[in-house]
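Please read the following points alongside the sequence and the coordinates.

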Amino acid sequence: MSRRRVSFSDGNQCKGGRRWSNPLVVLFVFCCVGCSICLLWGLDVYGILERKVRVRALGDEKEKTLLDQYNLSKDRVHALASLISSLNQERFYECMSKSVADERLGSNLLHALREQRPEIDQSQDQQHWDRENMSHEKMSVEIMQETHQFFPEPLLNILYLVIVEMVVFSMGFAVGIFFKSSCQQFQQQKHYKQQNSKGRGITERRKETLVNMCDERARMLQDQFNVSMNHVHALAILVSTFHHGKQPSAIDQKTFAEFTARTAFERPLMSGVAYALRVLHREREEFEKQHGWKIKKMETEYQFLVKDDYNPEKLDPSPVQDEYAPVIFSQETVSHIVSIDMMSGKEDRGNILRARATGKGVLTSPFNLLKSNHLGVVLTFAVYNTNLPPNATPKERIEATVGYLGASFDVPSLVEKLLHQLASKHTIVVNLYDTTNVSAPIRMYGPDVASTSEMHISNVDFGDPTHQHEMHCRFKHKPPPPWSAITTSLGVAVIVLLVGHIFHAALDRIEEVEDDYRQMRELKVQAEAADVAKSQFLATVSHEIRTPMNGVLGMLRMLMDTDLDATQEDFAMTAQSSGKALIALINEVLDQAKIESGRLELEAVPFDLRDILDNVLFLFSDKPQAKGIEMAVCVSQQVPDILIGDPGRFRQIITNLVGNSVKFTREGHIYVSVHLVEDAKSVKVGQCETLSGFHVVDKRKIWENFSMVKYSNEANDAVSLMVTVEDTGVGIPQDAQIRIFTPFMQADSSTSRTYGGTGLGLSISKCLVELMGGEIGFISKPGIGSTFSFTAVFRDGCKDDIKRHHSDPALSDFQGMRALVTDGRSIRAESTAYHLKRLGIHVHVATDQDSATNTILDLCSASGKERLDMVLVDKDAWGGGSGISFPRLLLDRRQNGAVVPQESLPKMFLVATFLSPTEVHDLKSAGYVDSIMKPLRLSMISACIRKALGVGSKRQQLKGQPMALHKLLIGKNVLVVDDNAINRKVAACALKKFGATVTCAHSGKEAILMLQPPHNFDACFMDVQMPEMDGFEATRQIRLMEDRVKELINSGDASLEMYGNIAHWHVPILAMTADVIQATHEECLRCGMDDYVLKPFEEQQLYSAVARFFEFDVADGQILADMRKKEEASDLWASWFGTLR
Amino acid sequence: MELGSLQRRYIDFTSALFREGFLDNQYTQLQQLQDESNPEFVLEVVTLFFEDSEKLLNELSRTLDQQVVDFKKVDAHVHQLKGSSASIGAQRVKNVCMAFRNCCEERNQEGCLRWLQQVRQEYFLVKSKLETLFRLEKQILAAGGSVPVLCFLWPTHVETLSV
């Protein structure tokens, strides 16, 4: 599948299609192979079955043979028994000793049996092997299964995949052939071919079977025949022993007939036996006399063809011959041939002659037996009177011949009986032929069928070399078609087709799905591109709108700066505020676009978080003040004064949150608090008191979700802040809470109608907070309010050596003052106290009136440091407007108690959210110095306090470095040289402020004139870049001048008095430059200036520069100059080494 | 107008001046230099700046109008203007002057004329702003209030929104 997907990802379906053609062929082959395997398997099964049948047949035959042989031996014993019963004991022994040959035959028989046994064993082995083979196959199948299980899971999966792929391919192929008839034909052809080849295998096997069975039958027939022949042979020996070997003969016709009749079971296939004596012509007379009958001539050719009306008496006497062979003994069945001369028949005669010459059984050609109308043969044995050696010559044999034993064989019966004993007789047709005459074989047994079917010919040797016999075997039926194989393969084909169809369908479906997927992906790409385009569009458009909007706003502002009447100003202000709103919106959209495109980066600059909070709250204070909503901010003291981060973005977040709160709050309060994350956890829990007394939601629940609160281990200078903005507004509906941070989503579509806004603020805030490494969360309950909380990580700016904003002299005025904050609500008092503390004022808090008045009175009487400078009373300290009457209460207490001078009372301030004009008017009379409007701001508080307490520059001069600078500069005469009147004025004013007496010069030339010794300037601040003569040149000339004076004094040309008793004139000249480039500084030093100060003056820098000159007396100027020279030299060395390095 | 809203408007206005870069910290320092002994210091200095600048601007336009421009002179004037604007904290004028001086060094008359136009524009802008500011201050004082002291520093960076 994966390969297919790859091809699809190329988007080249044709390729994929073409790719199918090859696998199609492969699949075809695969299919064919599969079919043939099935077929083979089926045929194998079939073959095995057949072979099994054959093996069973063989086994049966062997068994039969064995049984027969055994029976034969038993018969033999039985025959002996009957013989014993016929003869006396003596004769029996004789017989036994004489029939050694016969015994040998028995042993031979045993031997033959033994020989046959291995064959049986072998056949059994074969059977066993077959079975084993089969079980082996089974085992191999099992092993395959086992190995299958043995594969590890992934491998198995891969295997499955491969199989599935193969199957899928085969499916495609199968479907292909399903619709392509040509393919089908081809396949069928192939199929047939395979079947044919298979068929050939079958016929071969059949032939083999046939051969085996035929041979088997032939051999058995031969054996049976031989056994019968042996019997006849034994009979011959019996006759020779008991008839010829005895005087008188122990056998007469009666005995012979009885014996042969009783032993007829031994020769089931012989119709009868007869014994003919060899009678020479000279002995004929005597013989005929002795027996009382004439030797008769055979009537027909074959005497054994007995007819019912046969009468031996009617036969003619035998003509004269050299010798005769009259039958003297015969079995009952053939008693009619007694006295007939066997030599008279042509066939018999030849038989007799051959038999006595060879000493073996000799057969006649087949002829019809009279009685049964069966074909038969006559077997003739010669009976010798002496024991002939085995290698006797024919002549000796003829001479030793005394008689002939004949037996007629019923061949069809023999074969019939044999075949009956064997299994599968129905499957095979057996024909027996006498092929002595090759051109005209005589059929001895079997139906006359002219079948074209295959047959096998086995030679049968009946022990007579003159007669050839053959057995022809053929199957009765044509081989049945291999149905099982056909059905199996057909079934497999059908299953394959079905599965192929299924897979084809599945494949189609997969293709469909993949097409859909590709389509979706394309759509997704398009959508993404559209999104990017949207962002870009927004950004561009926003930017384009901003530019003209800025112009509009600027013009509006300028318009407002002109003289407008009230209405015009109102219009202008409205237009401006609308424009501002639009700009704000555009900025938000721009921010969103920036955030989405990931281009928003944060600054890292020092800033004062408290200032930002003050300002944000102040910006929003209009509406809340009108509504009487309390707004307060409280920043924990642990939060550093200066943080490093992005003040603009921080401000944006706060503005968004506070703006939202202001928008949705109608009454109550908005409270912003900032803590360190570490401290946030320990913030007073269960603080039920709130700023305005309204209920608020429990903000701690927000923090539970913050990971930062839980794991707040930060780097050394990292400061994690927790900012919380709490309001008592309408709250956010529960269902809207989940999408509150989603862009352009507001709690309700009606929200924008009611309250305005784009719904971007919070989503931007969330992004910004995340950029700051923090988290934002909220909790809100409709009707109670919302609390938003976020964390942000900044760096501690106080740890770096960054100029502290609090060096601002305006704020250092209040250092060490004491204040009392009186408020019924401790949280509000805390907020007020927070602002005072920022000013460096020591704050006491009193929450109830009594403790407040007590504290005030106590501290009033105290002196010095303990003195209370001011009291701040909230307007609503103990309920609406109750704060206003507090001073009166205090006065009352004072009048009742100890009298404290009016002046020693601390100044009273009223802190209020809103004051009506009448209240403002009554403020003074109520005992307040001034009112401070909430939200409290540092600048507002400081301005109010400063105004009320009269603190200002006088105090300021006593504090810190400004004082030090003042000390240094006080009373000093300073020359300021600058061509720029404004610069001059500013510099002069600044220096004057530090107590120096400032003289100004507007050019370098004027400065040179003024600095002509003797003069009374303690220092000169010189601008560097001036027209006509710049600062460097002026300095150089001044230094030249000074040197000249020195020389004059040294040479005595001028008196010391002339130059104010100063031998060494060197006025410190400090360059004033706005340039911070090092090169300028070096230039300054090179031309004789002593140092430089940055323009515009900065206290710190000015102090450090000036301090070098004024810390020593001016009289020590020389030492200073020397020191400076040394320093310069060392600096030179250092820089030299520096360059070397 | 009511004192409170006057004060708020003053703060708003001043904040905007700082935020938009018309004024910088130097102006705050000037304000700090003003005290009881020198109550009109800022006004004096700024007035001086106005006079001086207008003189310089006229001088500049005259110089640049000539066939053969004395760039040295132009440079000196611009430098002077730069110095005075830096002294009162008129940041934008100062910035334009710096660019102007660069252009002077290239002796590009057309560019200089363009920059002069720019400087003039910035100058009049800041002048009107400062005049408004003074008027507001006067109004506050007349209403018996105290002029709020801007003790904070606005982030002086102007957002560069180049998306």
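1. Helices (H or I, at least four residues) and strands (E, at least two) are taken here as DSSP runs, numbered from the N terminus. With that convention, B:R107 sits in the loop between α5 (91-105) and α6 of chain B. This is a predicted model, in which local features need pLDDT of at least 70 and side-chain atom pairs count only at pLDDT 80 or more, while totals for chains, interfaces and linings use all residues. Residues are numbered from 1 along each chain as its sequence is written, chains are lettered from A and ligands numbered from 1 in the order in which they are written, and side-chain values use heavy atoms, with hydrogens and water left out.

2. Two backbone features deserve a look, given that most residues other than glycine have a negative phi, and most peptide bonds are trans. The phi of B:R107 is near 55 degrees, a positive value in a residue other than glycine, and B:R107 is exposed, with a relative accessible area of 55% (buried means under 20% relative accessible area, exposed over 50%, and partly exposed in between, with a 1.4 Å probe and protein chains only).

3. Chain B has 6 helices and 0 strands, and 53% of its 163 residues count as buried. Where contact means heavy atoms within 4.5 Å, 68% of the contacts in chain B between residues at least 6 apart in sequence join residues at least 24 apart. The chain exposes about 7,500 Å², of which carbon and sulfur atoms supply 49%; accessible areas come from the Shrake-Rupley method with a 1.4 Å probe, and for residues only the protein chains shown count as cover.

4. One position that illustrates such pairings is B:L133, which lies in helix α6 (residues 109-142) of chain B and is buried, with a relative accessible area of 0%. Leaving aside neighbours within four places in sequence, B:L133 is in contact with B:Y10, B:F13, B:T14, B:L17 and B:Y27. The C-alpha atoms of B:L133 and B:I11 are separated by 9.8 Å, although these residues are 122 residues apart along the chain.

5. Chain A has 35 helices and 29 strands. Of its 1141 residues, 46% count as buried, and 73% of the contacts between residues at least 6 apart in sequence join residues at least 24 apart. Chain A exposes about 57,400 Å², with carbon and sulfur atoms supplying 56% of that area.

6. The UniProt record (unreviewed entry) places the feature "transmembrane region" at residues 20-43, 158-179 and 483-503 of chain A; UniProt positions are given in the numbering used here, feature names are shortened, and annotations may be inferred rather than shown by experiment. In the model, the span 483-503 is 100% helix and 0% strand, and its end C-alpha atoms lie 29 Å apart. UniProt also lists residues 503-530 of chain A as "coiled-coil region" (unreviewed entry), and over these residues the chain is 100% helix and 0% strand, with the end C-alpha atoms 39 Å apart.

7. How many residues does the contact take from chain B and from chain A? It takes 47 residues from chain B and 48 residues from chain A. The area buried between the chains is about 4,500 Å², of which carbon and sulfur atoms give 56% (buried area is the accessible area, with a 1.4 Å probe, that two parts lose on being put together, summed over both). Across this interface the rule finds 2 salt bridges, a salt bridge being a side-chain nitrogen of Lys or Arg within 4 Å of a carboxyl oxygen of Asp or Glu. The side chains of B:R9 and A:E569 meet in a salt bridge at 2.9 Å, N to O.

8. The UniProt annotation "modified residue: Phosphohistidine" (unreviewed entry) covers B:H79, which is found in helix α4 (residues 71-88) of chain B. Is B:H79 buried or exposed in this model? B:H79 counts as buried because its relative accessible area is 15%. Not counting residues up to four places away in sequence, B:H79 touches A:Q1025 and B:R101.
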